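Subject: Structure for you to look at

Hello,

Here is the structure I promised you. Open it beside this email and follow along as you read.

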Amino acid sequence: GQTWGQVTAFDGLAKMPVEKAVKSFILEYRQDSFSNTYLLSTTARAAIPFGKELRLQNDTIRDRTTADKVADYLAKRHRYGDEQLSVTIGQGARKLMPGQLIAYTSPRPSFTKTFVVFDVDRKLDASTIQAVGGNAELYTYTPATLPAEPPAAP
């Protein structure tokens with residue numbers, strides 16, 4: 001019944017539902033307009049231990065390193081975004097905007113984590129924050145094996 005800081009309601013940490021979970025992530029790129037196929041794809045990036053394989057196509061990426069950086073970021077976004085936070089905070093959250101990082105400390109259950117705000121529902125006396133897990137590792141690039149260049153067309 002006691003509030004922690006300005007938190008008036010803590011709905012707990014939730015995990016991504018199994019049907020939406022992404023186990024591995026592959027980005028297909030370098031579209032061939034004549035055959036309407038993608039000539040290259042990135043190495044599969046592991047996101048979380050269970051779920052489905054997600055294959056995305058990008059029509060604008062042509063460079064192998066750029067595609068690998070995008071795939072690395074998106075796989076990490078799925079990995080850290082697996083934890084979701086819903087919390088109602090008093091007036092202290094009135095200036096929060098989607099995309100901002102927040103550090104959340106909970107006494108029970110005991111944890112301290114960083115989250116990225118993706119939705120704020122403002123009321124007169126409080127704001128309900130929806131956030132997903134965040135980590136500084138999102139912004140570091142871990143290279144994977146790049147695919148070989150396809151043979152030149154005759």
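Start with strand 1 and strand 6. Strand 6 covers residues 83-89, and the two strands pair in the antiparallel sense. Their pairing runs over 6 bridges. Find Ala-9 and look across to strand 6: Thr-88 stands opposite. Keep in mind that this is a predicted model.

Strand 7 pairs with strand 8 in the antiparallel sense, over 7 bridges. Here Tyr-104 stands opposite Lys-113 in strand 8. The two strands form a hairpin, with 2 residues between them.

Strand 8 also pairs with strand 9, again antiparallel and over 7 bridges. Look for Phe-115: its bridge partner in strand 9 is Gly-133. This is a hairpin too, and 4 residues join strand 8 to strand 9.

**The cores**

Where do the nonpolar residues gather? The largest nonpolar core has 14 residues. Those with the most contacts inside this core are Leu-85, Val-87, Leu-96, Ile-102, Tyr-104, Phe-115 and Ile-129. Strand 6, strand 7, strand 8 (110-122) and strand 9 (127-133) each supply at least two residues of the core. Which strand gives the largest share? Strand 8 does, with 4 residues.

Arg-30 lies in strand 2 (residues 22-32). Its phi is near 55°, a positive value in a residue other than glycine. Is Arg-30 buried or exposed? Its relative accessible area is 13%, and the cut-off for buried is under 20%. So Arg-30 counts as buried.

Asn-36 also has a positive phi, of about 55°, although it is not a glycine. Asn-36 sits in the loop between strand 2 and strand 3 (37-41). Asn-36 counts as exposed, because its relative accessibility is 56% and the cut-off for exposed is over 50%.

Gln-57 is in strand 5 (residues 52-57). At 42% relative accessibility, Gln-57 counts as partly exposed. Which residues does Gln-57 touch, not counting those up to four places away in sequence? They are Glu-28 and Tyr-38. Look at Tyr-29 as well. Gln-57 and Tyr-29 are 28 residues apart along the chain, yet their C-alpha atoms are separated by 5.8 Å.

**The whole protein**

Now zoom out. The protein has 1 helix and 9 strands. Read along the sequence, the pattern is β-β-β-β-β-α-β-β-β-β.

What are the overall dimensions? Along its principal axes, the C-alpha trace spans about 70 × 30 × 30 Å. The radius of gyration is 20 Å, whereas a compact globule of 154 residues would have one near 15 Å.

Of the 154 residues, 34% count as buried. The accessible surface comes to about 9500 Å². Carbon and sulfur atoms account for 55% of that surface.

Last, consider contacts between residues at least 6 apart in sequence. Of these, 69% join residues at least 24 apart.

Best wishes

Note on methods. Residues are numbered from 1 along each chain as its sequence is written. This is a predicted model: local features need pLDDT of at least 70, side-chain atom pairs count only at pLDDT 80 or more; totals for chains, interfaces and linings use all residues. Side-chain values use heavy atoms; hydrogens and water are left out. Two strands pair if DSSP finds at least two bridges between them. A nonpolar core is a set of buried Ala, Val, Leu, Ile, Met, Phe, Trp, Tyr and Cys residues joined through side-chain atoms within 4.5 Å. Buried means under 20% relative accessible area, exposed over 50%, partly exposed in between (1.4 Å probe, protein chains only). The radius of gyration is taken over C-alpha atoms; the globule rule is 2.2 Å times the number of residues to the power 0.38. Contact means heavy atoms within 4.5 Å. Accessible areas come from the Shrake-Rupley method with a 1.4 Å probe; for residues, only the protein chains shown count as cover.
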